[in-house]
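Please open the model in a viewer and keep the selection tool at hand. The stops below are given in the order in which they may be selected.

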Amino acid sequence: MKMSRSRLRNSLLALSLSAVFALTACAPSASPAPSSLSEGVPAELAPFYEQAIAWNSCDSGFECARVDAPIDWANPAGKTLELSLIRHRASGSDRAGSLFVNPGGPGGSGVTFIRDNLDYAIDKKLQAAFDVIGFDPRGIGESTPVTCYDAPEMDEYLYGLTPTKRNTAAALSEQIAAATSFGKACLSRTGELLGHVDSVSVARDLDMLRALVGDKTLNYVGYSYGTFIGAMYAQTFPQNVGKLVLDGAVDRSVSSANGLVAQAKGFEMALGNYLTWCFTQLDCPFENSVATARATISTLLAQLDEQPIEAEDGRQLGADTMVTAIIAPLYSKNSWKYLTQLFDDVINRDGAETAFALADWYNDRNENGEYQSNQTEAYDAVTCLDSPASPSSQWQAEAAQIEKAAPLIGRYFAYSEANCSVWPIKAVLTPGPLGPTGERPIVVIGTTGDPATPIAWAESLAKQLTNGRLIRLTGEGHTGYNRGSECVNKIVDDYMLGIAQPATLSTCS
């Protein structure tokens, strides 16, 4: 999903990420790309489209590989980067080709996702028919990464306290100074790559990967921000679109400011849904009513700004980290029980361990203080290239709009655009409707209770696609495929397997 950031990062990955994947070298099997699949490719790009993939057995049941891509697709004779891939071969005898998967972010590792969450990513029917391939997009994970801060620096950036009164001129100056320092570190430590991690460049990588595995068209499942990659692919290579599923859709036409309002409103809605559920549970830490509970949370956050709670490792729990801890479990109703534990601990000031456990899971931080991935660096790098910040003259009005849309947590989303306003490289994309995406149908999935990618975004994206087919899922949580709805899975599986085309609009629960 695309999501804006406060100084202490109010963005969430679509799915849980585990330890960074380590390649294990074994006997390679070379897979040369058929030359016919590079036909029509400019001569200067042919060496990339025609390189051989050496797949190595890595974890049980998986193969891994690394391939080269130009840092700048407009200058293929320049420097190159490496892309990391993982493959699970089709388990059935009737192989239908390859199926690429992206878990979202920006910053999510497709390699880790497929290795550790294959059955969560793709159901057994599609695993039987397709070689399922996860890839780390440029700048992310085991591909050539964006690098900015070491662990102590990242701790201060993500968990440091807001030193002055929130949403004042002084606080904004401090936020801009922190964002400026972060951006300078990213440019210094990453170099030229920092200007080429935009989603169109990722789409170009993906088309090269399609050819390298021997597929004439791309089959793809993208979750959350992964839908943006899929949409950019369809717009850039409409002739190569195979079967695309875009789940938890990001709307290409929404500005960063309007997206921020929609997401703040979405998480506020999800928090309200949690509170309604909480009052049906015996261990709910709130009293009287949802309205009273909302007031309690508002007071609690204000108190944390004034009186942080110290964790056992010495970190201070302020309001920003608390908001991160609140938002993380809202992605799935199955995680709401952790919110109950969180509120119970913090309301009674019994410690900050639950809050930091949730925030650390969210930020991909280990108990030993090391970060398992570079998702924070990648998030800023990609987001700031994909969408420009609003002019600073509009921020105050936008902050008021956010707080109106989300009275409880909106203030913690305000002024998030300051980060990209001082990013060292200007955005290369601007919001707007998609261009032609080819005649083949593309499936879009939207969930009515999705806090991160509102259902309206899925509806809009489906209309922008030349042949969009919308699945509207009534339910809670982020994304809909392989999350418990037999209706959604049947429509997607039938589409991917060529059994039946989805209707223009399908409704599921």
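Select Trp423 to begin: this residue is buried, with a relative accessible area of 7% (buried means under 20% relative accessible area, exposed over 50%, partly exposed in between, with a 1.4 Å probe and protein chains only). This is a predicted model, in which local features need pLDDT of at least 70 and side-chain atom pairs count only at pLDDT 80 or more, while totals for chains, interfaces and linings use all residues. Residues are numbered from 1 along each chain as its sequence is written, and side-chain values use heavy atoms, with hydrogens and water left out.

Phe182 and Trp423 form a tilted aromatic pair, 6.3 Å centre to centre and with 50 degrees between the planes. Rings of Phe, Tyr and Trp (its six-membered ring) pair if their centres lie within 6.5 Å; planes under 30 degrees apart count as stacked, over 60 as edge-to-face and the rest as tilted. The pair links distant parts of the chain, 241 residues apart: Phe182 belongs to helix α5 (residues 169–190), and Trp423 to the loop between α15 (418–421) and β11 (442–449). Helices (H or I, at least four residues) and strands (E, at least two) are DSSP runs, numbered from the N terminus.

How many aromatic pairs does the structure hold? There are 17. For a cluster, select Tyr274, Trp277, Phe286, Trp336 and Phe343, which form one aromatic group.

Next, turn to rings with a charge above them. The charged end of Arg87 sits over the ring of Trp55, 4.1 Å from its centre. Likewise, the charged end of Arg483 sits over the ring of Tyr120, at 4.1 Å from the ring centre. The criterion is that NZ of Lys or CZ of Arg is within 6 Å of the ring centre and within 35 degrees of the ring normal.

Select Asn56, in strand β2 (residues 53–57). Asn56 is buried, with a relative accessible area of 19%, and its side chain reaches the backbone oxygen of Ala54 at 3.4 Å.

Now select strand β5 (residues 97–102). Six of its six residues are buried, so the strand is largely enclosed by the rest of the structure. Which strands pair with β5? Strand β6 (residues 130–136) pairs with β5 in the parallel sense over five bridges, and Leu99 stands opposite Val132 in β6. Strand β7 (residues 218–223) also runs parallel to β5, joined by three bridges; there, Val221 is the bridge partner of Val101. Two strands pair if DSSP finds at least two bridges between them.

Follow the chain to Pro106, in the loop between β5 and α2 (110–121). A cis peptide bond joins Gly105 and Pro106, with omega about -5 degrees. Most residues other than glycine have a negative phi, and most peptide bonds are trans.

Two residues with positive phi come next. Asn167, in the loop between α4 (151–159) and α5, has a phi of about 60 degrees although it is not a glycine; Asn167 is partly exposed, with a relative accessible area of 29%. Tyr415, in the loop between α14 (395–405) and α15, has a positive phi of about 65 degrees. Is Tyr415 buried or exposed? Tyr415 counts as buried, at 16% relative accessibility.

Finish with the cysteines. A search of the whole structure finds five disulfides (a disulfide is a pair of cysteine sulfur atoms within 2.5 Å).

- Cys148 and Cys186 are joined with S to S 1.9 Å. Cys148 lies in the loop between β6 and α4 and Cys186 in helix α5, so the pair ties together parts that are 38 residues apart in sequence. Both cysteines are buried, and the link is right-handed, with 110 degrees about the S-S bond.
- Cys278 and Cys284 are joined with S to S 2.1 Å. The torsion about their S-S bond is about 110 degrees, so this disulfide is right-handed. Cys278 is buried at 0% relative accessible area, and Cys284 is buried at 15%.
- Cys384 and Cys420 are joined with S to S 2.1 Å. Their S-S torsion is about -85 degrees, so this disulfide is left-handed. The pair links distant parts of the chain, 36 residues apart: Cys384 in helix α13 (residues 375–386) and Cys420 in helix α15.

Conventions:
A polar contact is a pair of N or O atoms within 3.5 Å; within protein, one must be able to donate a hydrogen and the other to accept it, and residues adjacent in sequence count only if both atoms are side-chain atoms.
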